[in-house]
Amino acid sequence: MSQVTVRINGFSYAVGCKEGQEKHLQAMAQEVERRIERIHALGGHSGEGRLLALAALLMADEIHDLTAEKMSSDTAHQLALGKQARIENERRREQLAHLVERAENIAAAMEDE
(Lines give C-alpha, C1' and ligand atoms only; values in the text may rest on other atoms or scores of the structure.)
Protein backbone atom coordinates (compact mmCIF):
# COMPACT_ATOMS: atom_id res chain seq x y z
CA MET A 1 0.00 0.00 0.00
CA SER A 2 1.25 3.44 -0.93
CA GLN A 3 0.54 6.78 0.69
CA VAL A 4 0.10 9.99 -1.26
CA THR A 5 -0.28 13.54 -0.01
CA VAL A 6 -2.87 15.46 -2.01
CA ARG A 7 -3.66 19.16 -1.76
CA ILE A 8 -7.26 20.29 -1.88
CA ASN A 9 -8.26 23.90 -1.21
CA GLY A 10 -4.86 24.65 0.28
CA PHE A 11 -4.96 21.75 2.74
CA SER A 12 -2.79 18.63 2.59
CA TYR A 13 -4.32 15.20 3.08
CA ALA A 14 -2.40 11.93 3.39
CA VAL A 15 -4.34 9.26 1.51
CA GLY A 16 -3.57 5.56 1.08
CA CYS A 17 -3.86 3.83 -2.27
CA LYS A 18 -2.72 0.69 -4.06
CA GLU A 19 0.79 0.64 -5.51
CA GLY A 20 0.77 2.17 -8.98
CA GLN A 21 -2.38 4.23 -8.35
CA GLU A 22 -0.58 7.33 -7.06
CA LYS A 23 -0.92 9.38 -10.27
CA HIS A 24 -4.58 8.43 -10.58
CA LEU A 25 -5.21 9.57 -7.00
CA GLN A 26 -3.42 12.86 -7.69
CA ALA A 27 -5.57 13.36 -10.80
CA MET A 28 -8.74 12.72 -8.80
CA ALA A 29 -7.63 15.27 -6.18
CA GLN A 30 -7.14 17.77 -9.03
CA GLU A 31 -10.71 17.07 -10.20
CA VAL A 32 -11.99 17.87 -6.69
CA GLU A 33 -9.83 21.01 -6.65
CA ARG A 34 -11.38 22.12 -9.99
CA ARG A 35 -14.87 21.84 -8.49
CA ILE A 36 -13.81 23.85 -5.44
CA GLU A 37 -12.40 26.54 -7.75
CA ARG A 38 -15.79 26.66 -9.54
CA ILE A 39 -17.54 27.13 -6.19
CA HIS A 40 -15.11 29.92 -5.27
CA ALA A 41 -15.75 31.58 -8.65
CA LEU A 42 -19.48 31.55 -7.90
CA GLY A 43 -18.85 33.34 -4.61
CA GLY A 44 -18.95 30.34 -2.31
CA HIS A 45 -16.42 30.99 0.44
CA SER A 46 -17.90 29.12 3.36
CA GLY A 47 -16.21 26.55 5.58
CA GLU A 48 -13.97 23.71 4.41
CA GLY A 49 -16.58 21.03 5.09
CA ARG A 50 -19.22 22.90 3.13
CA LEU A 51 -16.85 23.43 0.18
CA LEU A 52 -15.99 19.74 0.07
CA ALA A 53 -19.68 18.80 0.35
CA LEU A 54 -20.57 21.15 -2.52
CA ALA A 55 -17.69 19.79 -4.62
CA ALA A 56 -18.91 16.25 -3.93
CA LEU A 57 -22.44 17.24 -4.95
CA LEU A 58 -21.16 18.81 -8.19
CA MET A 59 -19.28 15.61 -8.98
CA ALA A 60 -22.30 13.46 -8.08
CA ASP A 61 -24.44 15.58 -10.42
CA GLU A 62 -21.92 15.13 -13.24
CA ILE A 63 -21.85 11.36 -12.63
CA HIS A 64 -25.67 11.30 -12.65
CA ASP A 65 -25.79 13.15 -15.98
CA LEU A 66 -23.16 10.86 -17.51
CA THR A 67 -24.98 7.77 -16.24
CA ALA A 68 -28.32 9.01 -17.61
CA GLU A 69 -26.66 9.84 -20.95
CA LYS A 70 -25.07 6.38 -21.12
CA MET A 71 -28.33 4.66 -20.22
CA SER A 72 -30.12 6.66 -22.91
CA SER A 73 -27.42 5.75 -25.41
CA ASP A 74 -27.53 2.08 -24.36
CA THR A 75 -31.33 2.05 -24.75
CA ALA A 76 -31.08 3.52 -28.24
CA HIS A 77 -28.40 0.96 -29.07
CA GLN A 78 -30.58 -1.88 -27.75
CA LEU A 79 -33.53 -0.63 -29.81
CA ALA A 80 -31.35 -0.50 -32.92
CA LEU A 81 -30.09 -4.01 -32.22
CA GLY A 82 -33.67 -5.17 -31.69
CA LYS A 83 -34.73 -3.73 -35.03
CA GLN A 84 -31.71 -5.30 -36.71
CA ALA A 85 -32.52 -8.67 -35.10
CA ARG A 86 -36.16 -8.45 -36.28
CA ILE A 87 -35.00 -7.72 -39.84
CA GLU A 88 -32.57 -10.65 -39.70
CA ASN A 89 -35.26 -12.96 -38.29
CA GLU A 90 -37.66 -11.96 -41.07
CA ARG A 91 -34.97 -12.67 -43.68
CA ARG A 92 -34.39 -16.10 -42.15
CA ARG A 93 -38.15 -16.84 -42.12
CA GLU A 94 -38.29 -16.01 -45.82
CA GLN A 95 -35.32 -18.29 -46.52
CA LEU A 96 -36.92 -21.07 -44.49
CA ALA A 97 -40.25 -20.64 -46.32
CA HIS A 98 -38.39 -20.84 -49.63
CA LEU A 99 -36.59 -24.03 -48.52
CA VAL A 100 -39.89 -25.56 -47.35
CA GLU A 101 -41.46 -24.77 -50.71
CA ARG A 102 -38.50 -26.35 -52.54
CA ALA A 103 -38.67 -29.46 -50.33
CA GLU A 104 -42.41 -29.78 -50.99
CA ASN A 105 -41.83 -29.41 -54.74
CA ILE A 106 -39.11 -32.11 -54.65
CA ALA A 107 -41.38 -34.40 -52.63
CA ALA A 108 -44.29 -33.83 -55.05
CA ALA A 109 -42.01 -34.53 -58.02
CA MET A 110 -40.83 -37.78 -56.42
CA GLU A 111 -44.43 -38.88 -55.83
CA ASP A 112 -45.24 -38.26 -59.48
CA GLU A 113 -42.45 -40.58 -60.65
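**Core, hairpin and salt bridges**

Tutor: The largest nonpolar core has 11 residues in all: Val4, Val6, Ile8, Cys17, Leu25, Ala29, Val32, Ile36, Ile39, Leu51 and Ala55. A nonpolar core is a set of buried Ala, Val, Leu, Ile, Met, Phe, Trp, Tyr and Cys residues joined through side-chain atoms within 4.5 Å. Buried means under 20% relative accessible area, exposed over 50%, and partly exposed in between, with a 1.4 Å probe and protein chains only. The model is predicted: local features need pLDDT of at least 70 and side-chain atom pairs pLDDT 80 or more, while totals for chains, interfaces and linings use all residues. Numbering runs from 1 along each chain as its sequence is written, and side-chain values use heavy atoms, without hydrogens and water.

Student: Which element gives the largest share of this core?

Tutor: H1, with five residues. Helices (H or I, at least four residues) and strands (E, at least two) are DSSP runs, numbered from the N terminus.

Student: Which residues of H1 are buried?

Tutor: Leu25, Ala29, Val32, Glu33, Arg35, Ile36 and Ile39.

Student: Switching to the strands. How many bridges join E1 to E2?

Tutor: Seven, and the two strands run antiparallel. Strands pair if DSSP finds at least two bridges between them. Arg7 has Ser12 as its bridge partner in E2.

Student: And which residue takes a positive phi in that hairpin?

Tutor: Asn9, near 55°; the hairpin has two residues between its strands.

Student: What about E1, which residues are on the covered face?

Tutor: Ser2, Val4, Val6 and Ile8, with Gln3, Thr5 and Arg7 on the uncovered one.

Student: Now charges. How many salt bridges does the structure hold?

Tutor: Seven, each a side-chain nitrogen of Lys or Arg within 4 Å of a carboxyl oxygen of Asp or Glu. One of them joins Arg35 to Glu62, with the closest N and O atoms 2.4 Å apart. That pair links distant parts of the chain, Arg35 in helix H1 and Glu62 in helix H2, 27 residues apart.

Student: Is Arg35 buried or exposed?

Tutor: Buried, at 9% relative accessible area, whereas Glu62 is partly exposed at 25%. Both belong to a salt-bridge network that also links Glu31, Arg34 and Arg38.
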